[in-house]
Amino acid sequence: GEVCTMINKKYSEFLPSMQSAEDLVSQVEELTNNIDLLRAGIENEVQRDLNIAVAEFTELKQQLERDTLVLSILKKLQEFDTAIKEYNTALLEKKYVAAAQHLKEAHSSLKMLKSRKGFELKILKALGTELTVQTQNMLYHLGEEWQKLAVWKLPPSKESSSLESVMHSELHLHTVPSKEEEIAGPPVASVLQAFAVLGELHTKLKIFGQLLLKYILKPLISYPSLQPFTEEQSDVFILRFKSEEPSLDHSSPMEVFYKIKLVFEVLHKYLLNMSLEQPAEDGKDCRVTLAELLGEMIWGELSDCLIQNCLVNSIPTNSSKLEQYIEVIKSTEEFETALKTMQFLKGDTTDLLKYARNVNSHFANKKCQDVIVAARNLMTSEIHNTVKISPDSRVALPKLPDPGAGHLKAQKTSQLLHNDTGHLGNETKLSQHTFSLPACRISSSVEKLMELAYQTLVEATASTDQCCIQLFYSVRNIFQLFYDVVPTYHKENLQKLPQLAAIHHNNCMYIAHHLLTLGHQFRYRLTSIPCDGAATFVDLVPGFRRLGMECFLAQMRVQKGEILERLSSARNFSNMDDEENYCAANKAIRQVLHQLKRLGKVWQDVLPVNVYCKAMGTLLNTALSEIVTRIAALEDISTEDADRLYSLCRTMVEEGPQVFTPLPEDDKNKKYQEEVPVYVQKWMTFKELMIILQANLQEIVDQWADGKGPLAAEFSAAEVKSLIRALFQNTERRAAALAKIK
């Protein structure tokens, strides 16, 4: 029964749905017919109307867009106009910031107008011109205001930047807020803010910064006697200078920092602590203080000036003062901290502080530079101012300051500076004269140069490692510089003046002599220097000896040349019976003796005695040797010729030794004059020639003594035969004599 009921229920529900489905089908068929009819209608009529409507619609839409654009342009033009009007009103009321902002709005309206493509309106050009004129007008007004607020009273520009003229510089700031203004905000803020809005603040501040540097900050660094002097009146603050007697040529960094800080503090109080809105790149504004802006502009130049004109001078010149430099570093740190507090400085350690902290290296650099400059001055000074040195000379060193208990290194300085005892190994003394120098004259500048080298090495031993190495190498540089500079700088004089050549020779030997022991004397103390031979100076010795020798030998060549030149005018010593020939020969001999005598004088007391005697001996030898060669070459010598030749030779033998005057005291020179045969190689040859000129044939044969006599020691058989043929006529006796010479 239940099943039945369910089926009935389902069925009674099914019937109506079946019915409605059939209705639906017939409706759809009807609709389809209608649609077909409609489509036919649309295709025939409506489509045409629709096309017309779309075209109309598009046109209307474009019209609307055009109208909207024109409207927005008119609106922008109106905005521009309003902005300019409001700007004018604000300017009249001296509301500078508002005026500047209105100008800025006008500017952005104009920018917008110009960006519209297809609307290049003629009017835009005129508006642009108007805006430029108004901006310039505003800047002019602001400039006038700013000039009233910060007044510079400067010395006339034609005056030099002397202390006198600097004293006239003053800065008057009319930025002291009076009571009413405190409510309204001081005018200076609005003037500067307006500059900021118009993007001109940077230019104005830069000019202010340059004046501040030139007329206030730099003079305070350069002139120790200047003191900043401030004065506040009811409506103005004045910054100027007063002058006091300075205690030193250079102010200490502490004083300079104090003065500069004072200037910044008052400027900060009356002007630089002002904070402004700076238009940033991204359109957002950021607040910034004037101190920051000014600091960015002038700190670089100020810091350079402080380093060059203040810190550089304060670097100590000897190591004992380095300890006290901590003070300077501390005051530099404090100075920077104060400037950071005032926001004048940003960031960490600046160049100024780095420079101060790097004092050790600057000390070394300054010291080395001073050493080289001093050395160069000595090298380019006159050579002929001389001092006498003797085997027991010492290098004089001034008493050096005690380098403090920290350095026991430099205790035995005084014992080190003797040049006669080379300290080798453990104080083993060599013979007193192992390292002595012969007595001679050297340039006083070279003696000073040597003192400078010793002093610098003493200084090096008391310094930090880095500094020690730098100083050590600067001493090596002194000598290398001498080697390069002196021969070229004094070139002409060394060639022309025999005395200078001799002094230069001595200078080089003196330096070479000291270089032998210089490194050893300090080697226990110059521990930080790599010991590869550079820690001594021995490698420089041969070069200096060569330098001295070459210069002196070049001078000797000049002198030899002159002797031969003079003897060449003696007509070969032939036909002396002719009066004119004899006179020429006599004159030549006189000139040579005169030349030698003059040299003997200029080298006297200058060259070491042994060098003197060798040099004079060599030159006298040149003369004698030339005379022997000329006479031995003659083919015919008459009796009168022989007599005259003999008297010429006698002049040489008598007066030649007298040119040997190595010492200023005449009585001491006899010894050297008697030793002339030792120094003149051809002396005996010359004496034998004189014997031949006076001898008969038998005497000549006796002097030859079968090739064992004194004559044979000086002349060859061929030379003797030639002389016999020239002196004697062809006889049997001559033939017999010639036969014995073989």
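**Reading a cavity and ring pairs**

Tutor: The protein has 28 helices and 8 strands; these are DSSP runs numbered from the N terminus, helices being H or I with at least four residues and strands E with at least two. This is a predicted model, where local features need pLDDT of at least 70, side-chain atom pairs count only at pLDDT 80 or more, and totals for chains, interfaces and linings use all residues. Residues are numbered from 1 along each chain as its sequence is written, and side-chain values use heavy atoms, leaving out hydrogens and water.

Student: How many cavities of 30 Å³ or more does a search of the whole structure find?

Tutor: Rolling a probe the size of a water molecule over the atoms shows where empty space is left. On a 1 Å grid over the protein atoms alone, a cavity is a set of points where a 1.4 Å probe fits but cannot get out, and lining residues have an atom within 4 Å of a point. The search here finds 1. Its lining includes Leu378, Phe482 and His504.

Student: Which elements give two or more residues to that lining?

Tutor: They are α12 (359-379), α14 (444-461), α15 (465-489) and α17 (498-522).

Student: What about aromatic pairs?

Tutor: Rings of Phe, Tyr and Trp (its six-membered ring) pair if their centres lie within 6.5 Å; planes under 30 degrees apart are stacked, over 60 edge-to-face, the rest tilted. The whole structure has 15 aromatic pairs. Phe264 and Phe344 make a tilted one, 4.2 Å centre to centre with 40° between the planes. Phe264 sits in helix α8 (residues 253-272) and Phe344 in the loop between α10 (326-341) and α11 (351-357), 80 residues apart.

Student: Is Phe264 buried or exposed?

Tutor: Buried means under 20% relative accessible area, exposed over 50%, partly exposed in between (1.4 Å probe, protein chains only). Phe264 is buried at 2%.

Note on methods:
On a 1 Å grid over the protein atoms alone, a cavity is a set of points where a 1.4 Å probe fits but cannot get out, and a pocket is an open set with protein on both sides within 12 Å along at least five of seven lines; lining residues have an atom within 4 Å of a point. Grid points are joined across faces, edges and corners, and a volume is the space filled by probe spheres set on the points.
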